[in-house]
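Keep the structure open beside the text as you read.

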Amino acid sequence: MPQVTVINHPLIQHKLTLMRRVETSTAKFRSLMTEVSMLLAYEVTRDLPLKYDTIKTPMAAMQAPVLAADKKLVVVSIMRAGQGILDGILQLIPSARVGHVGLYRDPTTLVPIEYYFKVPHDIEERDMLVVDPMMATGNSAVAAVQRLKQTNPKSIKFLCLLAAPEGLAHFHDQHPDVPIYTAAIDEKLDAHGYIIPGLGDAGDRLFGTK
């Protein structure tokens with residue numbers, strides 16, 4: 001599918017398998033999500049532009065590469081499960097700005113309902129990375145990106161751990177201009193809109209709730 005990149009690095013795939021296991025504890029799941037998120041962020045930011053500044057090492061002056069963007073990346077977490085990916089990315093890019101979109105899924109219609117929205121004021125000058133562990137039906141991702149497009153960021157990318165084919169198709173239909181990065185595309189959705197085989201409810205497993 002156009003605009004979808006599966007990041008199949010062996011370390012990511014191994015750690016994702018550990019996350020899928022039903023016996024993995026909350027603490028272990030949380031630490032694995034942080035680790036996987038850092039690895040995913042490494043790949044997603046591979047195309048960040050560089051410029052060269054003059055610095056002095058203990059030995060000599062040199063032209064050294066630094067990030068070219070005047071404004072730092074903004075990472076937008078789709079609450080609540082997106083927080084797990086956000087925490088990992090911030091360990092890798094601590095200077096990133098942070099935004100939040102609060103959405104919950106109506107259990108009957110599966111339609112996302114917004115309850116919170118906050119992003120940096122100068123978003124027009126920043127590249128945006130939207131994060132959520134699961135792209136199942138794609139409804140939450142579509143709604144969040146639609147809302148975020150109203151703030152006119154320089155660019156938008158979407159990052160998730162797992163995606164279902166149905167969610168990818170729906171997202172691509174609504175936002176064909178937004179690239180998606182994921183660690184795996186699973187088989188399908190079940191009747192309740194959960195990814196199969198998936199890893200369960202990412203938020204519940206991350207926070208130890210039911």
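With a relative accessibility of 19%, D204 counts as buried, a word that stands for under 20% relative accessible area, while exposed means over 50% and partly exposed anything in between (1.4 Å probe, protein chains only). This is a predicted model, in which local features need pLDDT of at least 70 and side-chain atom pairs count only at pLDDT 80 or more, whereas totals for chains, interfaces and linings use all residues. Residues are numbered from 1 along each chain as its sequence is written, and side-chain values use heavy atoms, with hydrogens and water left out.

D204 sits in helix α6, residues 202–207; helices (H or I, at least four residues) and strands (E, at least two) are DSSP runs numbered from the N terminus. Its side chain makes a polar contact of 2.6 Å with the side chain of R80. Here a polar contact is a pair of N or O atoms within 3.5 Å; within protein, one must be able to donate a hydrogen and the other to accept it, and residues adjacent in sequence count only if both atoms are side-chain atoms. Neighbours within four places in sequence aside, D204 is in contact (heavy atoms within 4.5 Å) with R80, T209 and K210.

Helix α1, residues 10–20, holds K15. K15 counts as buried because its relative accessibility is 18%. Apart from neighbours within four places in sequence, K15 touches L32, E35, V36 and L39 by the contact rule.

Now to the salt bridges. Side chains of opposite charge can pair when their charged atoms come close. A salt bridge is a side-chain nitrogen of Lys or Arg within 4 Å of a carboxyl oxygen of Asp or Glu, and by this rule the count comes to eight.

D47 is exposed at 52% relative accessibility, whereas K157 is buried at 16%. E43 is partly exposed at 22%, and R46 is exposed at 56%.
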